[in-house]
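Here is a short note for a colleague who is opening this structure for the first time. The points can be followed one by one with the model on screen.

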Amino acid sequence: MSIDPHAHTPPIERRSSHESGEVTPPPHASAFSTRAIDPGRIECLQILDEHGNVEQGMDPGFTDEQLLDVHRAMVLSRAFDSRMLTMQRQGEMGTFAPNIGQEACMIGQVWPLTKDDWFAPSYRSFGAQIWRGWSMERLMKLWAGYHEGFVPPPDVNDYPFSIVIGAQVPPAVGTAMAMRRRKEANCVVVNFGDGAFSQGAVAESLNFAAVDNAPVIFVCENNGWAISTPLTKQTRVESLAIRGMGYGVPSIRVDGNDILAMMVATRDAADRARNGEGPTLIEAVTYRMSLHTTADDPTVYRDEALVDPWQDRCPIRRFEAWLKRRGLLDGAACDRIKADCEAQVLAARDAFRESAEAKPREIFDYLYVDTTVTLERQKAEYFKRLDRKGVE
Amino acid sequence: MAQLTMVEALNKALDEALREDERVCLMGQDIGVNGGVFRVTKDLQSTHGTDRVMDTPLAECGIIGTAVGMAVHGMRPVAEIQFSGFTMQAFDQIEQNMARLHNRTQGRYTVSMVMRTPFGGGIRAVEHHSESREAYWVHTPGLKCVIPSGPRNARALLRAAIECDDPVIFYEPKAVYRAFREEVPDTPETIELGQAEVFRTGSDVTLVTYGAMVRPVKEAAEDLADEHGIDAECIDLLTVSPMDTDTVTESVRRTGRCIIVHEGHRTCGVGAEVAARVTEDAFEHLVAPVRRITGFDVPFPYFQVEQHALPEADDIIEAVRDAMTWD
C-alpha cells in the first residue's frame, strides 16, 4: 500500500466550523486507502469508527501482540497524564502539558520506528516518548525542572522536546538529510501542532525535506487549539494536510483518534522514507481535551460543550470496543491493564522521588565540548557563592 | 607558498576540509555552480559533488536548522549565509538549537558546525549587506565566534573552526576578501581558537581590534610611530568568543592605555566587554580612560555616506594622542 499523490477520491463535505472554532471529526472513508490529499479533494483516512467498528475489508491485519502493545501504551500514557496532573496540583511538578485524548496520535506516529530511527517531539508528546524508551521517571524529572530529564536515554536516538514552537522541525529534517547522505535506510518522525504550522521554520522544513528527498515524516497533530487560539484563527485552509502538496510532499489527513489509521499512515510513510521515496506529511486530526498546560484555564476562552462530542471519540475507548469484539480483551482485562499501568506510573513516581537531585554545580558543565577560560572563571565565582551559601 | 586573497585562502581551507574529512559538507545559497556570491566556494561542487556542496533553498532559518540536524547525526556542516544581515532569519535556529543542543542534552549530542557569513562595511553595498553584529553571537552562550583579518589567518582559523567540536560563527570581513594577497603555506595549518595575536609590540598604548579594522589600526600605529614618536601595541582578537582578554590586560599593564576599535555598534559591543575586563583586571595600571572607536548605535548608513561612519586611522591617531596627554 502506498500513498499516491495523484489519486482521485470524492471530496468530503465542507466543514462549517469556521465560526465555532470547533474541529469536526473526519468522516468515515468509503474505502481503505492512504491516498494523498488532492487540493480541493480532501479525504481522510479512518479505519476504526467512533463506535469501534472496522468495516469489512478494512482490517489492516496487525498481529494480536501489536494491537495489545499499542493499547497498553495508550493506557499507560493516560495513566501518566493523570498522575502528572495530580503531582502538579500537589506542588510536586512544574508546569506540565497534558495530552489526554491524543493517545492514538502519540503512539501511532512512533509505532513503526526502530531504535535506529529518530523522533523529534514537541512538548505534548510524552506518550510517544515513553514508547520510544524514555523512562517515566526521566520525563517526571524533565517537567519538574531537572536538567537530566532533557537528556535522551543512552540507547534512544531522539531529540529532547522543543519548548519553542516548531523549532524542533528544521533539525529533524537535517538529521534525515544526513541519513540520506550516509545511505542509512532509516527515517525521522517529527511532531508538531496546528499552531506550529503557522511558523516559518515549519514551512522551510517541508521545503528542505522535499528538495532533498529526505526520509522524514512530518506529523502535524492538529488538536484544534494553540492555547486559546482555535484552528480557525490559525488558518483559512480546510485541512493542514493540503499544505504539504504545495511543497511537493505527499500528504494525508488521518483521524488522529483512530489508532489503526495512525499506525497504517505512519507505517506507509516510514516505508516510503526507507525506500528512498522522501518525506510525507500526516495531519492527525484530534482534540485537546484538557488544558494547554497546567498554567492554563480553558474556560476563559472555550465553551466546554465543544469538548463533549470528543468524549465519545476517545481513542482508547473505541479501540477497546474493537479489541473486545475481536476477543482480545474483556472488561476484566481492561481493568487489569489500567491497574498495571497505574502501578507502573506510581513506581516511576517513587523512583523519581528517590533519585531526583538538583545539581547546582553542574550548570557550567555541558555548554562547550572545549570549555573556555571565561566560563572557568565565572564557574569559580559561582562556586564561591555556593560555598558561602553552604550549597553542595 | 602561494600568494592568496582571503577568498582564495578560505576556498583552500574548505577544499582541504572536504578532502580530509568525509563528514564535512557545505550548504548555502548559490554556493554550488555559482561558487557563492563572493566565490568562496568556487569549483568545490564540481570537485566534491552536489550532496557535499549543496545549493539550498533560499531560507536561512532552514539552512541553519537543517545544518544542526546534520551535525547531530555525525556530519560537520559548514553553512554559508550570504550576508550577515540575513542571519537574523536564522536567529531562531542559532539560539534555540545550534547554541543550545549540546547543553540541553548534557553533551549527548554535539553540534559541530560552522556558520560562515561575510560581515562589515566598506564595499558600497545595499541595505542589510554591511552589518557587524558579532555582539549577538558573543552574547549567546554556547557559540564561539571567530573573525579573521587576513588570508593566512582566515585559512588557519577556518580549518580550526571546522575541526572544533563546538558550534562556531565564522565572521568574514568582506572588505578584506580581495583587498590584498598574503603568503599562505601549502601545508595545512590551524590557529587555536580563543587566542589573540599581538601583531605589533609597543609600550605606550594598547590598540585592540579585529577583522577589517586591523588595517586602519596598523596604519595608525605606523603613523603614530613615524610622526608622533608614540609606540602602540596592536592586538588582533581573532576570536571574539571566547575572548582572549588576558593578552589584552597583560599588554595594558605595561602600556597603561587601551583603545578598542571595531565596526560594530558601540553599546554592549565587543569593545564594551574588553573595556570592562580591562577595568576589572588592570585598573591600577590605567593612566587614561579606556576608549572605544566603533560604529555608532545607528543602522549601518547607506553607502553614499558609509565612509564617514566607519572608524579610520585618523580617529585612532586622535584618540591615542588624547590618551597620551590625559591627566
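Predicted model: local features only at pLDDT ≥ 70, side-chain atom pairs only at ≥ 80, totals over all residues.

1. Start with a salt bridge inside chain A. A:R78 pairs with A:E103, and their closest N and O atoms are 2.8 Å apart. This pair links distant parts of the chain: A:R78 sits in helix α1 of chain A and A:E103 in helix α2 of chain A, 25 residues apart. Are the two partners buried or exposed? A:R78 is partly exposed, with a relative accessible area of 22%. A:E103 is buried, at 0%.

2. A second pair in chain A joins two strands. A:R253 forms a salt bridge with A:E283, with 3.0 Å between the closest N and O atoms.

3. The side chains of B:E80 and B:R116 meet in a salt bridge, 2.8 Å from N to O. B:E80 lies in strand β4 (residues 76-80) of chain B and B:R116 in strand β5 (residues 114-119) of chain B, so parts 36 residues apart in sequence are tied together. Both B:E80 and B:R116 are buried. Elsewhere, salt bridges with shared partners join B:K12, B:E16, B:E20, B:R155, B:R159 and B:E163 into one network. Over all chains, the count comes to 48 salt bridges.

4. Now take chain A as a whole. Its secondary structure comes to 13 helices and 8 strands. Of its 392 residues, 57% count as buried. How much of the contact in chain A with a separation of 6 or more is between residues 24 or more positions apart? The share is 75%. The accessible surface of chain A is about 15,500 Å², and carbon and sulfur atoms hold 49% of it.

5. Helix α11 (residues 315-325) of chain A is worth a look. Its buried residues are A:P315, A:I316, A:R318, A:F319, A:E320, A:W322 and A:L323. Which elements cover them? The cover includes α1 (64-89), α2 (103-110), β7 (251-255), α9 (259-274) and α12 (331-355) of chain A. After α11(A) comes A:G327, with a positive phi near 80°.

6. Next, the interface. Chain A and chain B each give 44 residues to the contact. The area buried between them is about 3,600 Å², with 59% from carbon and sulfur atoms. There are 3 salt bridges between chain A and chain B. In one pair, A:R377 meets B:D246, with the closest N and O atoms 2.6 Å apart. The interface also holds 25 residue pairs in polar contact.

7. Which elements give two or more residues to the side of chain A that touches chain B? They are α5 (169-181), α6 (200-212) and α13 (373-389) of chain A. The largest share, 10 residues, comes from α5(A). By type, this side of chain A divides into 26 nonpolar, 7 polar and 11 charged residues.

8. Two residues of chain B touch chain A. B:T56 is in the loop between β3 (53-55) and α3 (60-72) of chain B. B:T56 is buried, at 13% relative accessible area. Beyond its sequence neighbours within four places, B:T56 contacts A:F208, B:M27, B:G28, B:Q29 and B:I63. B:H102 lies in helix α5 (residues 101-104) of chain B. B:H102 counts as buried at 8% relative accessibility. With neighbours within four places again left aside, the contacts of B:H102 include A:Y366, A:L367, A:Y368 and A:V369 from chain A. From chain B they include B:G107, B:Y109, B:T110 and B:V111.

9. Last, A:A226 in strand β5 (residues 225-226) of chain A. A:A226 is partly exposed, with a relative accessible area of 24%. Leaving aside neighbours within four places in sequence, A:A226 is in contact with A:D194, A:G195 and A:Q234. A:H71 is 155 residues from A:A226 in sequence and 27 Å away in space, C-alpha to C-alpha.

Methods
Residues numbered from 1 in each chain as written. Chains lettered and ligands numbered in written order. Heavy atoms only, no water. Helix = DSSP H or I, 4+ residues; strand = E, 2+ residues; numbered from the N terminus. Buried < 20%, exposed > 50% of the residue type's maximum accessible area, 1.4 Å probe, protein only. Contact = heavy atoms within 4.5 Å. Areas by Shrake-Rupley, 256 points an atom, 1.4 Å probe, with all protein chains shown as cover. Buried area = accessible area lost by both parts, 1.4 Å probe. Salt bridge = Lys/Arg side-chain N within 4 Å of Asp/Glu carboxyl O. Polar contact = N/O pair within 3.5 Å; in protein donor to acceptor, adjacent residues only side chain to side chain. Nonpolar A, V, L, I, M, F, W, Y, C, P; charged D, E, K, R; others polar.
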